[in-house]
Amino acid sequence: MDIRIYQALIEAHKFQEAHLYNTIHMPLALYKYVPLFDEGDRSDYHEENRKRVTTLRNNQLWLSTSKQLNDPFELKGVFLDGSVIDVEADLMNSFQMIVNSYCQRKLIGSLSASTSNNMPLWAHYSNNHKGICVKYEVIKIPPPFNIYPVIYQDNRKAITNLDMAKDYIALVKYKETKNFDDVVSFMHRFDHYALLKHSFWAYEKEYRVVVNNSGSQSVDLAQIHLKIDSIFVGINCSAENREYLLDLAGKLKATYRELSFDEGSSTYSMKET
């Protein structure tokens, strides 16, 4: 995917075209790096591992609130630019209230368009190679509607259309607006702007499942058009964990792969067996 084309469609308010472009160019597979633990990590490692395995066994994806993610700028990729427009204190406070409300209403599942051999992702998200990488097949027919690519750039997105911001705030706060089309456009763009992240996160090649918070922090894979294809086991995964992961893969009819170090290879890649 050329993220510049996708972003240009959003900026031009061509949301249906953007959705179609995203669907066509979305990878056929996405990956989720998951930590597992052993007795050397924590005393409650059995319980923590059970939560993760149960989610997989139930063909679900675990979702996080913005506060549970590791970036303080999560879902805050937009701001009112006071250097361009005259932002009153009340308006600024109202806008911040909207942002905070948005953060509370959304749950996020983080996936990657990278591969099962991404060493930083193994280190950062799979407890230093003790966990797993799950490969999900993306079901494109019918097309998924709530999986979005993260857009990486160096600065947050400035909102400079004060009237549109006021219309949106009026709708949320007072359930009324004079320019509903502008509000719908603003809401669509806000959904995408909230997925902006700084460029130094780009190595993650992140795609996100974004759903409304209905009280449950997991979602059925069928609902978001994903299917577990393979489970890759980290090089430092314990023998105990490997045993039940092999059993889990069999029950899910998923491919089971163990990663190991290839002493005779010139590449910085693990061998999959």
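Predicted model: local features only at pLDDT ≥ 70, side-chain atom pairs only at ≥ 80, totals over all residues.
Residues are numbered from 1 along each chain as its sequence is written, and side-chain values use heavy atoms, with hydrogens and water left out.

**Overall make-up**
- The chain has 8 helices and 14 strands, taken as DSSP runs numbered from the N terminus (helices H or I, at least four residues; strands E, at least two).
- Of its 273 residues, 45% count as buried, that is, under 20% relative accessible area with a 1.4 Å probe, protein chains only.

**Nonpolar cores**
- A nonpolar core is a set of buried Ala, Val, Leu, Ile, Met, Phe, Trp, Tyr and Cys residues joined through side-chain atoms within 4.5 Å; the largest has 32 residues, of which L61, I132, Y136, V209, L226, I228 and L245 touch the most other members.
- Elements giving two or more residues to this core include α3, β5 (132–138), β12 (226–233) and α8.
- Beyond its neighbours within four places in sequence, I228 is in contact with residues including L56, V134, Y136 and L252.
- A second, separate core of 21 residues includes C103, I151, I159 and L196.

**Helices α3 and α8**
- The axes of α3 (residues 45–57) and α8 (residues 239–252) come within 11 Å and cross at roughly 15°, with axes being lines fitted to C-alpha atoms over the stretch in contact and angles running from 0 to 180 degrees between N-to-C directions.
- The two helices are therefore roughly parallel to each other, a term for angles under 35 degrees.
- Residues of α3 including Y45, V53 and L56 meet residues of α8 including Y244, L248 and L252.

Terms used: Parallel < 35°, antiparallel > 145°, perpendicular 65-115°, else oblique. Contact = heavy atoms within 4.5 Å. Buried < 20%, exposed > 50% of the residue type's maximum accessible area, 1.4 Å probe, protein only.
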